[in-house]
Amino acid sequence: MTDTLIRVRGLSKTYVEGESPRRVLDQVDLDIRRGEFFVLLGRSGSGKSTLLNLMSGVDRADGGAIWVEETQVTGLDERRLTLFRRDHVGIVFQFFNLIPTLTVMENITLPLELGGRARKAAEAQAQALLERVGLGDRGNTFPDKLSGGEQQRVAIARALVREPQLVLADEPTGNLDEETGRNVLALLLELTRGAGKTLVMATHSAEIVPFADRVGQLHDGKLTVRSIDEKRVPTMA
Ligand SMILES: Nc1ncnc2c1ncn2[C@@H]1O[C@H](COP(=O)(O)OP(=O)(O)O)[C@@H](O)[C@H]1O
Ligand SMILES: [Mg+2]
């Protein structure tokens, strides 16, 4: 088993807007280590979501390759991509993306039940996670009755319920006030990096940088990576 969880080589992606092509990722190379907290930093439109979506196989690259462990994600067909995502990747979004017609508990058990887990076992596992994110008594509530911070905690529980090695978070604090955002970051880090999982987070906010192991800055399709020497650990308010 190597130290590297994600290997990106020569990754390119161009979108065509009207007549003119726009090269969002231009021959990007990147290695992300197992257990690392890697922050993707860049202005709005710099390609952060594009890179995350290529890693999870939601979007297709024009050139280059991505491996997650032994799996070449860029070579999978749709069916295998769906299974790869379900079994190996947890995703957290800026706008939470909870299903409004399902309860909190049902939102979290859904990925388990899609994977064939029996209802009772799924609920026990979801309840344990709900308690870890501080919402043990909210399982029967519907998402629209929760605050933004609480919805994001549910979304984190949902992302982690299949125990993926890799968690991708796209501006997970972008829709929260400062203090709530800090608490969500602390929780997310505790449950991922703190548990030996790998967390890749896209953000346009430099405030997250001191907590990262390494930061990749996207600009004009190129990625520049640096290490954070004096790393801080976020604490919950
Ligand atoms: N599906 C798409 N079709 C056309 N252009 C897109 C598409 N998705 C993203 N883009 C463009 O690619 C660029 C990078 O987008 P994105 O990865 O979402 O940036 P970020 O997440 O850093 O804000 C933007 O200019 C955006 O308009
Ligand atoms: Mg984005």
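In what order do the 4 strands of the open sheet stand, and is the pairing parallel or antiparallel? The order is 2-1-4-5, and the pairing is antiparallel. Please keep in mind that this is a predicted model, in which local features need pLDDT of at least 70, side-chain atom pairs count only at pLDDT 80 or more, and totals for chains, interfaces and linings use all residues. Residues are numbered from 1 along each chain as its sequence is written, chains are lettered from A and ligands numbered from 1 in the order in which they are written, and side-chain values use heavy atoms, with hydrogens and water left out.

**Sheet and hairpin**

- Strand 2 and strand 5 (71-72) stand at the edges with a single partner strand each, so one side of each has no neighbour in the sheet.
- Strands here are DSSP runs of E with at least two residues, helices are runs of H or I with at least four, and both are numbered from the N terminus; two strands pair if DSSP finds at least two bridges between them.
- Strand 4 (residues 63-68) joins strand 5 in the antiparallel sense over 2 bridges, and Trp67 has Gln72 of strand 5 as its bridge partner.
- Strand 9 (residues 214-219) and strand 10 (residues 222-227) are also paired, antiparallel, over 6 bridges, with Gln217 opposite Thr224 in strand 10.
- The hairpin of strand 9 and strand 10 has 2 residues between the strands, and Asp220 takes a positive phi near 50° there.

**Around ligand 1**

- The shell around ligand 1 (residues with a heavy atom within 4 Å of it) includes Tyr15, Glu17, Val24, Arg43, Ser44 and Thr50.
- Taken alone, ligand 1 exposes 560 Å², and the protein buries 64% of that (areas by the Shrake-Rupley method with a 1.4 Å probe).
- Strand 1 (4-17), strand 2 (20-33) and helix 1 (48-55) each give two or more residues to this shell, and helix 1 has the largest share, with 3 residues.
- By type, the shell residues are 2 nonpolar, 6 polar and 4 charged; Ala, Val, Leu, Ile, Met, Phe, Trp, Tyr, Cys and Pro count as nonpolar, Asp, Glu, Lys and Arg as charged, and the others, Gly among them, as polar.

**Pockets**

- A pocket is an open set of points on a 1 Å grid over the protein atoms alone, with protein on both sides within 12 Å along at least five of seven lines, and its lining residues have an atom within 4 Å of a point.
- The largest pocket has a volume of about 430 Å³ (the space filled by probe spheres set on the points).
- Among its 17 lining residues, Arg85, Arg86, Val89, Pro111 and Arg158 are the closest to the centre of the largest pocket.
- Helix 3 gives the most to that lining, 4 residues, and the lining divides into 9 nonpolar, 4 polar and 4 charged residues.
- The second largest pocket holds about 280 Å³ of space, and of its 15 lining residues Thr173, Glu178, Ser205, Glu207 and Ile208 lie nearest the centre.

Note on methods
On a 1 Å grid over the protein atoms alone, a cavity is a set of points where a 1.4 Å probe fits but cannot get out, and a pocket is an open set with protein on both sides within 12 Å along at least five of seven lines; lining residues have an atom within 4 Å of a point.
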